[in-house]
Amino acid sequence: MKSVEAHSPHSGKKLKAPDAERLRADLEAYMTRRGLRSTEQRRVIIDTFFGTAEHITIDTLLREVRAVDARVGYATVYRTMKLLTESGVVQEHKFGDGFTRYELSDDDAHHDHLICMECGKITEFEEPAIEELQQKIAKRHGFQVRAHKHEMYGVCADCQAKARARR
Ligand SMILES: [Zn+2]
Ligand SMILES: [Zn+2]
């Protein structure tokens, strides 16, 4: 059996990055299909989002958007992220800390998450064995999978070490 290897963006081992260029083209196509106009504020929000780190919250995104255009409000950012999520270009995550987080969603660069309940650190991992198993389960149920989220909640190695040091 292959061992499960956790990759974090900070460990030096990079996961396959989403294809931002293709996702942007997908988004344009979606907006054209739905007859949605690309307003100036919407463009600023989308540009800023594509330039940010993964798992960004609305509040953080709003702060970065306002650095570019101070007139943009929370509701506009919220609605734009809803639109991006509906288009399938962005995936919405609720990791149990009360914040909604967003990241680019690329089927070819899919990853899952380990969430530390102590410090909130989010570690990404990729495991073909899990993907394969999920497909098998879906097939058994005659189920067509469009997306899935696999989240593990617990305590990260750093927080475990800190807890040990306190003892
Ligand atoms: Zn932690
Ligand atoms: Zn992620």
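In helix α2, the buried residues are V44, I45, I46, T48 and F49. A residue counts as buried here if 20 or more other C-beta atoms lie within 10 Å of its own, as exposed if there are 12 or fewer, and as partly exposed in between, with C-beta atoms placed from the backbone. Helices (H or I, at least four residues) and strands (E, at least two) are DSSP runs, numbered from the N terminus. The model is a predicted one, in which local features need pLDDT of at least 70 and side-chain atom pairs count only at pLDDT 80 or more, while totals for chains, interfaces and linings use all residues. As for labels, residues are numbered from 1 along each chain as its sequence is written, and chains are lettered from A and ligands numbered from 1 in the order in which they are written.

What sits over α2? The cover on its buried residues includes α3 and α4. On the α3 side, V44, I45, T48 and F49 of α2 meet L61, E64, V65 and V68; such a contact is a pair of C-beta atoms, placed from the backbone, within 7 Å. The two helices pack at an angle of about 120°, and their axes are 9 Å apart. Axes are lines fitted to C-alpha atoms, for helices over the stretch in contact, and angles run from 0 to 180 degrees between N-to-C directions. Angles under 35 degrees count as roughly parallel, over 145 as roughly antiparallel, 65 to 115 as roughly perpendicular and the rest as oblique, so α2 and α3 are oblique to each other.

Next comes the core. The largest nonpolar core holds 16 residues, and I45, V65 and V77 have the most contacts inside it. Such a core is a set of buried Ala, Val, Leu, Ile, Met, Phe, Trp, Tyr and Cys residues joined through C-beta atoms within 7 Å. At least two of its residues come from each of α1 (20-33), α2 (40-50), α3 (58-68) and α4 (74-86), and α2 gives the largest share, four residues. Leaving out residues up to four places away in sequence, V77 touches I45, I58, L61, L62, V65 and V72. In soluble globular proteins, nonpolar side chains tend to be buried together.

Now for the sheets. Three strands make an open sheet in the order β1-β3-β2, with antiparallel pairing; two strands pair if DSSP finds at least two bridges between them. Its edge strands are β1 (56-57) and β2, each pairing on one side only. Two bridges link β1 and β3, and I56 has Y102 in β3 as its bridge partner. Between β2 (residues 90-94) and β3 (residues 100-104) there are five bridges, with K94 opposite T100. These two strands form a hairpin with five residues between them, and G96 in the turn has a positive phi of about 85°.

Another open sheet has three strands in the order β5-β4-β6, and its pairing is mixed. Here β5 (122-125) and β6 (151-154) stand at the edges with a single partner strand each, so one side of each has no neighbour in the sheet. The twist averages 20° from one strand to the next. Strand β4 (residues 112-116) runs parallel to β6, and four bridges join them; I115 has Y153 in β6 as its bridge partner.

Overall, the protein has six helices and six strands. Buried residues make up 13% of its 167 residues.

Technical notes. Contact = placed C-beta atoms within 7 Å.
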